[in-house]
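Here is a quick tour for anyone meeting this structure for the first time. Keep the 3D view open as you read.

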Amino acid sequence: MGSNRFISGIYNYCDYWCERCAYTRRCRNYQMDPGLKRRADGQPPPIERDAANAAFWADLAEAVRETELFGPADARDREAGLPDDLQPDSEWLAREEAHRAAVQQHPLVRMAFDYMKRVEAWQSTADPDLKAVARDLLEAAKSPVPNPAEEEAREIGDMIEIATWYHTLIPPKLSRALDGVFEKDGLDDDPTGVLAETRQHDANGSARVVLLAIERSIAAWTRLRTLVPAQGDAILDLLVPLDRMRGGIHLILPGAQHFPLAFLGEFSEPPTNA
Ligand code: SF4
């Protein structure tokens, strides 16, 4: 593919669902991170895999070498602090702390975290109804009359996978979008406007990913309501916050819906080298 192999920054505004991404070969993040490749292949981390294969020991040897040379990864991260003379001043730290708190307290971010918890609760409470549908489908499969039991079983699995994939993505991406908005609004010194433009761009990109996650979640939950009618009311309780979040994003970041997502094949200009 030559020098245009990687698409610049494609992984900044994507849903990290590499398994379903058409651009893995052109994503530097994916190509450089063995963990992403493993997850996309459905493989667990090396230490959790079956030890009776060569790949396990090759990965382990690599981890041992890095640990011997540099120490444990988490300790390396902790030690990689700045020298004293480069430490940020306390005023800056206080401002950053207030800024972070404002993002976390924003009604949309709180709604996103609340939605995440509701989905997690749904996963345990919906179990009996889902199993009842599973039993019905198994019964239907015994019928000599052709019926869509297999397709419905696959569809239910797919809808649950979509909804549960996105429920953890929405809060951090929405936090990042609002962080960009607050940063842009708080810029005291930006004579050229470049910083404000950068923050706005990042906020729009993050918010567009959230909008995508919300749209796909709404579609999945709506279909699931039809397939598992006993869960109709419970799913409605999940659809309401999604719809409210969508409305809130359109109000706060109207430009987000027009942000092109390269990982979906949307480009505002031809893809460039990373
Ligand atoms: S752009 Fe595609 S391959 Fe890269 S991190 Fe995102 S989903 Fe994964």
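A helix here is a DSSP run of H or I with at least four residues, and helices are numbered from the N terminus. One thing to keep in mind throughout is that the model is predicted.

**Glycine 205 and its surroundings**

Is glycine 205 buried or exposed? Glycine 205 has 24 C-beta neighbours inside 10 Å, so it is buried. Setting aside neighbours within four places in sequence, glycine 205 touches Asn12, Tyr13 and Phe259. Alanine 177 is 28 residues from glycine 205 along the sequence, yet their C-alpha atoms are 7.7 Å apart in space.

**Helix H11, one side in and one side out**

Next up is H11, which runs over residues 232-252 and has 21 residues. From first C-alpha to last, H11 reaches 31 Å, close to the 30 Å expected at 1.5 Å a residue. Which residues of H11 are buried? They are Ile235, Leu238, Leu242, Met245 and Ile249. These residues lie on the same side of H11, because they cover an arc of only 85° around the axis. As background, an α-helix has 3.6 residues a turn, so residues three or four places apart point the same way.

**How the helices pack**

Two packed helices are described by the angle between their axes and the distance between the axes.

| Helix pair | Angle between axes | Distance between axes |
|---|---|---|
| H6 and H11 | about 160° | 10 Å |
| H6 and H9 | about 175° | 9 Å |
| H5 and H9 | roughly 130° | within 9 Å |

Take H6 and H11, which at about 160° are therefore roughly antiparallel to each other. H6 passes H11 in a left-handed crossing. On the H6 side, the residues that meet H11 include Leu108, Met111, Tyr115 and Trp122. Among their partners in H11 are Leu238, Leu242 and Met245, and those three also belong to the buried residues of H11.

H6 also packs with H9, at an angle of about 175°, which makes H6 roughly antiparallel to H9. Leu108, Val109, Ala112, Phe113, Tyr115 and Met116 in H6 meet Ile170, Pro171, Leu174, Ser175 and Leu178 in H9.

Then there's H5 (residues 90-105) with H9 (residues 170-185), whose axes cross at roughly 130° and are therefore oblique to each other. H5 passes H9 in a right-handed crossing. His99, Ala102 and Val103 of H5 make the contact with Ser175, Leu178, Asp179 and Phe182 of H9.

**Two more stops**

How many of the 15 residues of H7 are buried? The count is zero, so H7 is hardly covered. The end C-alpha atoms of H7 (residues 127-141) are 21 Å apart, which agrees with the span its 15 residues should have at 1.5 Å a residue.

Last, look at tyrosine 16, in the segment before helix H1 (28-32). Most residues other than glycine have a negative phi. Tyrosine 16 is not a glycine, but its phi is positive, about 60°. With 18 other C-beta atoms within 10 Å, tyrosine 16 is partly exposed.

Terms used:
Residues are numbered from 1 along each chain as its sequence is written. This is a predicted model: local features need pLDDT of at least 70, side-chain atom pairs count only at pLDDT 80 or more; totals for chains, interfaces and linings use all residues. Helices (H or I, at least four residues) and strands (E, at least two) are DSSP runs, numbered from the N terminus. The expected span of a helix is 1.5 Å times one less than its number of residues. A residue is buried if 20 or more other C-beta atoms lie within 10 Å of its own, exposed if 12 or fewer, and partly exposed in between; C-beta atoms are placed from the backbone. The arc is that of the directions from the helix axis to the C-beta atoms. Axes are lines fitted to C-alpha atoms, for helices over the stretch in contact, and angles run from 0 to 180 degrees between N-to-C directions. Angles under 35 degrees count as roughly parallel, over 145 as roughly antiparallel, 65 to 115 as roughly perpendicular and the rest as oblique. A crossing is left-handed if the near helix is turned anticlockwise from the far one by less than a right angle, and right-handed if clockwise. Two residues are in contact if their C-beta atoms, placed from the backbone, lie within 7 Å.
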